[in-house]
Amino acid sequence: MLASICRRRLLRLRQIPSAAGINPIQPNPSDALLSHGCSSAALAGVPVSKPCPTTISYLISCGLSPAAASACKSRIRSTAKADAVRALLRSYGFTDADITDVVRRHTSILTLDPDRILRPKLDLFASLRVKPRRLANAPSLLACSLDKHLLPCIQFLRGIIGVDSDVGSAICRAPRALQVNLDKRMRPVVDALRRLGLPDKSISKLLTIDMTVLTISIDRITQIFDDVKVLGLGVTDTGFVYCISLFCNLSRETWLRKVALYRSFGVSEGDLQKAIKRQPSILHFSDESIKKKLRFFLDDLKFELSEVMERPVLMAYSLEKTIIPRCAVISVLMRERKIGPNIKLRSALLGSAKVFSERYVLRHAQDVPDVVKAYEGKIAFEGFRDRDVLVPLKP
């Protein structure tokens, strides 16, 4: 079946202390200059058709390029307010780079009242431990209504995900998903997931790992469920929600192409389905990465295709940063007769960096200094010698 498809705000937030105080806004001498340079009819943040030289100059001081500043459709009437906004963001942990991103993506943030409008929202996100870096990627959240949008949405998510720490983690992973309308998108999507048979516990897990699903149309979600089932996964399978998350971020054409790519290497439909169940992310890598890794395992390490598919986590490791340096270490140790030629290579390559380092690098670093160099990539891996016989790991 797989092969044929391949072919064709709430009760009110308790009082949260401010993260830091901001001095009252003081008149800024440059405001007179700004008023002189811009039409007095222009309201703060109102889109205009003609660039304002002083606004452009201010945006450049925020880190925008001249081209980006010139392309901005908004005008900043009060630089004192804009300065206060930037100071407020810094007091909540935003770096200069973060603030530049905020200004670039949503310039009108600089026109909002820092204490009345922005501080309560920043307090909310700080209470959820949402990192400033993530807010900088979706600054329009700071322009959303606190009472009418943010608090109701977060309360809704609390009802599904549970504890605030998990809600905050979910927002960090997909901050833009918090922008969608609660009644027109969030509720209908969750209702659809239930109709499709996904248990509430799995819905909670899905939203925790990736709220992107809340931005997808109901029709698209239904199609994704059908496609994941075609891959042999059921709603009760451990990898199901991870596959749903993956497919929400891939077009159907893209994942079908990747399936076909694995099949072109000789991976059977059954083996591929089992591998996807264990490690859905094998469909997330670029085509070039898939080809490069498979060729290395098959041609350089002489693995059987079934060995790779039985432990698909191998495909998740970086070839350049993990697999090759580990091979170089093992090669050095074999050359120095510190390990025998019957080492089970696949097992040696698997596991955390801590485990590998302790077992193969730190243990031998004093007697064989080259293992440290090999692990750091200073000794190239040129393959195993003909006399080095590597025993494959039996299933």
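At what angle do the axes of helix 15 (residues 252-264) and helix 17 (residues 287-300) cross? I looked this up, and the two axes come within 10 Å and cross at roughly 20°. I took axes as lines fitted to C-alpha atoms, for helices over the stretch in contact, with angles running from 0 to 180 degrees between N-to-C directions. Helices are DSSP runs (H or I, at least four residues), numbered from the N terminus. Helix 15 is therefore roughly parallel to helix 17, a term for angles under 35 degrees.

Before going on, I noted that this is a predicted model, in which local features need pLDDT of at least 70, side-chain atom pairs count only at pLDDT 80 or more, and totals for chains, interfaces and linings use all residues. Residues are numbered from 1 along each chain as its sequence is written, and side-chain values use heavy atoms, with hydrogens and water left out.

**Confidence.** I checked pLDDT, the predictor's confidence in each residue, from 0 to 100. The chain has a mean of 84, and 84% of its residues reach 70 or more. Residues 5-48 have pLDDT below 50, and beyond near neighbours in sequence this stretch has 84 contacts in the model. Contact means heavy atoms within 4.5 Å.

**Helix 15 and helix 17.** I found the crossing to be right-handed, meaning that the near helix is turned clockwise from the far one by less than a right angle. Arg257, Lys258, Leu261 and Tyr262 of helix 15 make the contact with Asp287, Ile290, Lys291 and Leu294 of helix 17. I sorted these residues by class and got 4 nonpolar, no polar and 4 charged. Nonpolar covers Ala, Val, Leu, Ile, Met, Phe, Trp, Tyr, Cys and Pro; charged covers Asp, Glu, Lys and Arg; the others, Gly among them, are polar.

**Helix 11 and helix 13.** I then turned to helix 11 (residues 182-195) and helix 13 (residues 218-230), whose axes come within 10 Å and cross at roughly 30°. This pair is therefore roughly parallel, and its crossing is right-handed. The contact includes Pro188 and Val189 of helix 11 and Phe225 of helix 13. By class I have 7 nonpolar, no polar and 1 charged.

**Helix 12.** Which residues of helix 12 (residues 200-209) are buried? I list Ser202, Ile203, Ser204, Leu206, Leu207 and Thr208, buried being under 20% relative accessible area (1.4 Å probe, protein chains only). Their cover includes helix 9 (146-161), helix 10 (164-173), helix 11 and helix 14 (240-248).

Notes. Helices (H or I, at least four residues) and strands (E, at least two) are DSSP runs, numbered from the N terminus. Angles under 35 degrees count as roughly parallel, over 145 as roughly antiparallel, 65 to 115 as roughly perpendicular and the rest as oblique. Buried means under 20% relative accessible area, exposed over 50%, partly exposed in between (1.4 Å probe, protein chains only).
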